[in-house]
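Let's work through a few exercises on one protein and its ligand. Have a look first, then try each task before you read the solution.

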Amino acid sequence: MTNIVVIGAGYAGLTTATRLAKRTAAKVTLVNAAPDFVERVRLHQLSAGEQLRPTPLAESVRGKGIDLVIGRVRAIDPAGKQIDVDGRTIGYDTLVYALGSVADDHGVPGVAENAVPVGGLADAVKLLKLLPAKGTVTIVGAGLTAIETATELAETHPGLHIRMVAGHAPGSRLSDNARTHLGRVFRRLGIEVRAGARVAKVLADSVVLTDGDELPTDLTVWATGFGVPRLAAEAGIRTDHSGRIVVDETQRSVSHPDIYAVGDSALVRVNGEELRMACATGIPMGTYAVKAIAARLGGHEPRPFTYRYYTQCISLGRKDGLIQVVDAMDRPQRTVVTGRLAALVKEGIVRGARWYANR
Ligand SMILES: Cc1cc2nc3c(=O)[nH]c(=O)nc-3n(C[C@H](O)[C@H](O)[C@H](O)COP(=O)(O)OP(=O)(O)OC[C@H]3O[C@@H](n4cnc5c(N)ncnc54)[C@H](O)[C@@H]3O)c2cc1C
């Protein structure tokens, strides 16, 4: 019996494991560092104080014929076709690498000591714990995760002064209509934006910019994007500079054909463009990888992975949102949906992603 091991039970890994168990006769083992499925797309809600319902992975896999191992993968030995999980060796015929991503400090001094990153569950719990009752919270970054974090904090904690600091304006890759709505929401929530700024270092009570300006702050939140675990690179699997596994058009490692990669830790190109890190891309990668693995187990060559974008869905607190319609290559179009309707659509998508990965 073929032995398939999936490492990482986020959106992409769990989608892969549950469907591999349904669609193939292989023995499927799922390894994850933590016992619960973490809805990362809701972590800004948790950091603002909302209680999230945990989903134990044991429940997600119950009755599905998946062996669940809770433990941290410490190393991969591609030559020996085995992984080390907290000192225990687990062998594989096929490995699916789905370790996701973590906050990236981009090497800026003082971030590790003086800022709270936005990335994983522990970060969100820490942010909630350190959130001051009043004063200024400086969010560094202006991408979608930074926008979601800023608006969530501002809406839930109206007594706080939220300031966003970044090189570009929030939503600079969105359409004019979307940016107009963002501007309205930021004014309503009293969010200050300091664009065109680069952070040189973070101190305990200020953020120092490269132009010498020093912005006093009671808490700094680092939300400038994600990096990925280094395990694949350390194992000699071909990765890009950041550590994402380089895959072919069937999600298979270009250096190790018995390893597939899905989700944030896979470097996937469609029509020459890299897919962005998102559960919106990770879940389809997982669904596709199952088809590719099943096809090869059946002695067939799978059709290449295809993907097209439809929307970017951004929450702006619990009562507002922004659905940006995009073309197949993720370029924003004029159409946007805003307000409560957009918030409802976004909530539906988030629930749908959790349901799909767990089913
Ligand atoms: C606040 C926030 C808001 C976001 N909003 C959106 C959004 O609106 N839309 C969207 O598409 N994306 C959003 N994202 C990004 C999205 O969450 C990620 O792109 C998505 O979770 C990636 O899925 P994944 O399965 O690749 O990885 P993850 O969901 O990160 O899962 C990886 C899993 O691997 C496990 N793991 C890691 N290392 C090890 C190890 N060594 N051993 C064992 N297990 C390990 C982790 O515990 C985790 O369970 C948001 C992210 C954040 C933080």
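**Exercise 1.** How many bridges join strand 6 to strand 7, and which residues stand opposite Val 73 and Asp 77?

*Solution.* Step one: four bridges join strand 6 to strand 7 (residues 82-85), and the two run antiparallel. Strands here are DSSP runs of E with at least two residues, helices are runs of H or I with at least four, and both are numbered from the N terminus. Two strands pair if DSSP finds at least two bridges between them.

Step two: go along the pair. Val 73 faces Val 85 in strand 7, and Asp 77 faces Gln 82.

Step three: check the turn. Four residues sit between the two strands of this hairpin, and Lys 81 in the turn has a positive phi of about 50 degrees.

A quick note before going on: this is a predicted model, where local features need pLDDT of at least 70 and side-chain atom pairs count only at pLDDT 80 or more, while totals for chains, interfaces and linings use all residues. Residues are numbered from 1 along each chain as its sequence is written, and side-chain values use heavy atoms, with hydrogens and water left out.

**Exercise 2.** Now the five-stranded sheet: is its pairing parallel or antiparallel?

*Solution.* Step one: the order is 5-2-1-9-21, and the pairing is parallel. Step two: strand 5 (66-70) and strand 21 (259-261) are the edges. Step three: pick out one pair. Strand 9 (residues 94-97) is joined to strand 21 by three bridges, and Val 96 stands opposite Tyr 260.

**Exercise 3.** What surrounds the ligand?

*Solution.* Step one: count the shell. There are 31 residues around the ligand, and Ala 12, Asn 32, Arg 40, Val 73 and Lys 346 are the closest; a residue is near if one of its heavy atoms lies within 4 Å.

Step two: find some atom pairs. An N or O atom in the Lys 346 side chain is 2.3 Å from a ligand oxygen atom, and a backbone N or O atom of Ala 12 lies 2.8 Å from an oxygen atom of the ligand.

Step three: see where the shell comes from. Helix 1 (11-23), helix 6 (144-156) and helix 9 (279-297) each supply at least two of its residues.

Key
A polar contact is a pair of N or O atoms within 3.5 Å; within protein, one must be able to donate a hydrogen and the other to accept it, and residues adjacent in sequence count only if both atoms are side-chain atoms.
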